[in-house]
Amino acid sequence: MAVTVGASRLGLGMLRRLPAEARPLIRPGTVPTGVVHLGLGAFHRAHQAVFTEAAVGAAGGDWGIVAVAPRSTAVVEAIAAQDNLFSVSALSAAGSSTRVVGALSGVRHAPSDPDAVVALLADPAIRVVTLTVTEKAYQLDPVTGRLSPDSALAADLAGGGPPSTVPGLLLRGLAARAAADAGPVALVSCDNLPANGRRLRGMLDQAVGRAGGVPTGLVEWVAGNVTCPGTMVDRIVPASTPETIEAARRALGVTDLAAVAAEPYAQWVIEDDFPGGRPGWEFAGAVLTDDAGPWERLKLRALNGVHSAIAYLGALAGRETIADALEIPHLRDVLRRLIAEDVAASFTPPDGVRVVDYGEQALARFGNPAIHHRTLQVAIDGSQKLPQRVLHTIADLRAGGRSARWGALVVASWLRFALGYADDGRPLPFQDPLAGPIRAALDAGAQSPAGAVDAVFALRDVIPMEVAEDDEVRADVIAWLTALERHGVEATLAGAR
């Protein structure tokens, strides 16, 4: 559909025209910058920016955000043209509400001016750097946690030219910060990685240790001045569409080309380790804790792992959205067994939380008909997502001597999805950084489901050794894959016991 773009474009001059309940809590330009965010996508705008604006509105502080786009220029141009304003619509079956957010004090495009981003990271006014750059941008092997640099990062580590990767930007920014004696800083991963703070720390330490052309003593400076608090973030934020922008225009009376939509629910759990200070996020509803680990595992396994299961099975069954997929007969029953029998038995949840109750809440959120989250969007990058969402659950269950049959179904549905066609024969896109090796393995084992499983299980970049060498897990995955290939999703779920 076409987007209506008239003379009335969102900006500071239009705030008076907005409904009172839709106006920002803080006015851009009135709050000095204290945060740099890497990853100017829809999720950041609907999550960290919303929490930070609410925190500054409630508790004050110089915590404006300069948000940096690592790739696309479109969102940078849209937000810059709107005086750093954008809107977030909360959607539910009961209706929607739209509000403009004023947390951003600026936007940058890293590929266009990496030196400006490095200068920001070295600025003593910046005391917090947050990241939503997706799993693959860390360039860490999902199984070993070791840095696996591509050619661009290898060039960044060698030095001599402007940085072009996220690790390279952080490395050069911290080197400049150390040289300027700019004070301590917290780097805060908000990506769906297990132990994301420790992962970020590991990536950073490896990059610093392997880098050329950095100041003497940088390793020691980073160790003494940089923290990496772990976090758990949660809000369902589909990719914006022309419908998103048109709905925001109807709600606001002006056009917002950076509009995002999300579910009403939002959660942020943060380890409180900020040597230079932080926004009062607790005043915005965030949970500050000494250990985000149990919360991370809860979300990765009981929400993200279930999300992936719905995406693969739904896409195979020809369902466009996650909410549509949940209407597949028997799928909810199978997911409840996945949560109760596999996920809940695989780890110890946070105090006071029942995994089954959390999972039931997740299913209700996934069924929100107003959130058009496409199954194909959730299904991308499975090789990066499945280790922490599903394979670690399987490994922990098997280490305790328990079956992981329902987790094996998720793995089998991913393999079936990777073959590239739905149950009705329609082609399915397989977007994955390891698409080449995975497809080659599937082709090598194409003679049978067992051959396909064995070939993919030999890929140590995806499948941990303890899972790949487990005969019971292998047998369960083969059985599920055989059923999916012969009978399709709906019949397989109907016969699941």
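# Strands, domains and pockets of a predicted model

V68 stands opposite R108 in β5. The structure is a predicted model, in which local features need pLDDT of at least 70 and side-chain atom pairs count only at pLDDT 80 or more, while totals for chains, interfaces and linings use all residues. Residues are numbered from 1 along each chain as its sequence is written, and side-chain values use heavy atoms, leaving out hydrogens and water.

**Paired strands**

Helices (H or I, at least four residues) and strands (E, at least two) are DSSP runs, numbered from the N terminus. Two strands pair if DSSP finds at least two bridges between them. Strand β5 spans residues 104-109 and runs parallel to β2, to which five bridges join it. Strand β2 also pairs with β1 in the parallel sense, again over five bridges; here V35 stands opposite I65 of β2.

How many residues of strand β2 (residues 64-69) are buried? Six of the six are buried, so β2 is largely enclosed by the rest of the structure. Buried means under 20% relative accessible area, exposed over 50%, and partly exposed in between (1.4 Å probe, protein chains only). In a regular strand the side chains alternate between the two faces of the sheet. Both faces of β2 are covered, with G64, V66 and V68 buried on one side and I65, A67 and A69 buried on the other.

Strand β1 (residues 33-38) is joined to β6 as well, by four bridges and in a parallel arrangement. In that pairing, V129 of β6 is the bridge partner of V36. Strand β6 covers residues 128-131, and both of its faces are covered: V128 and T130 are buried on one side, V129 and L131 on the other. Strand β7 (residues 185-189) pairs with β6 over four bridges in the parallel sense, and S189 in β7 is the bridge partner of L131.

**Annotated domains**

The UniProt record, an unreviewed entry, places the feature "domain: Mannitol dehydrogenase N-terminal" at residues 34-282. UniProt positions are given in the numbering used here, feature names are shortened, and annotations may be inferred rather than shown by experiment.

Over residues 34-282 the chain is 37% helix and 22% strand, and its end C-alpha atoms are 17 Å apart. The span 293-476 is 65% helix and 0% strand, with end C-alpha atoms 29 Å apart.

E271 is found in strand β11 (residues 267-271) and, at 17% relative accessibility, counts as buried. G445 has its place in the loop between α17 (435-444) and α18 (449-457), and it counts as buried at 1% relative accessibility. The C-alpha atoms of G445 and G293, 152 residues apart along the chain, are separated by 37 Å.

**Cysteines**

A disulfide is a pair of cysteine sulfur atoms within 2.5 Å. A search of the whole structure finds zero disulfides. C190 is buried at 3% relative accessibility, and C228 is buried with a relative accessible area of 13%.

**Pockets**

On a 1 Å grid over the protein atoms alone, a cavity is a set of points where a 1.4 Å probe fits but cannot get out, and a pocket is an open set with protein on both sides within 12 Å along at least five of seven lines; lining residues have an atom within 4 Å of a point. Grid points are joined across faces, edges and corners, and a volume is the space filled by probe spheres set on the points. In the table, Ala, Val, Leu, Ile, Met, Phe, Trp, Tyr, Cys and Pro count as nonpolar, Asp, Glu, Lys and Arg as charged, and the others, Gly among them, as polar.

| Pocket | Volume | Lining | Lining classes |
|---|---|---|---|
| Largest pocket | about 1400 Å³ | 46 residues | 23 nonpolar, 12 polar, 11 charged residues |
| Second largest pocket | about 470 Å³ | 21 residues | nine nonpolar, eight polar, four charged residues |

In the largest pocket, A42, F43, T134, V237 and Q377 are the lining residues that lie nearest the centre. The elements that give two or more residues to this lining are α1 (42-46), α3 (74-81), β9 (231-234), α10 (293-316), α14 (375-379) and α15 (382-399).

For the second largest pocket, the lining residues nearest the centre are L91, T241, T244, A261 and H372. Two or more residues of this lining come from each of β3 (86-92), β4 (95-101) and α9 (242-252). The largest share, six residues, comes from α9.
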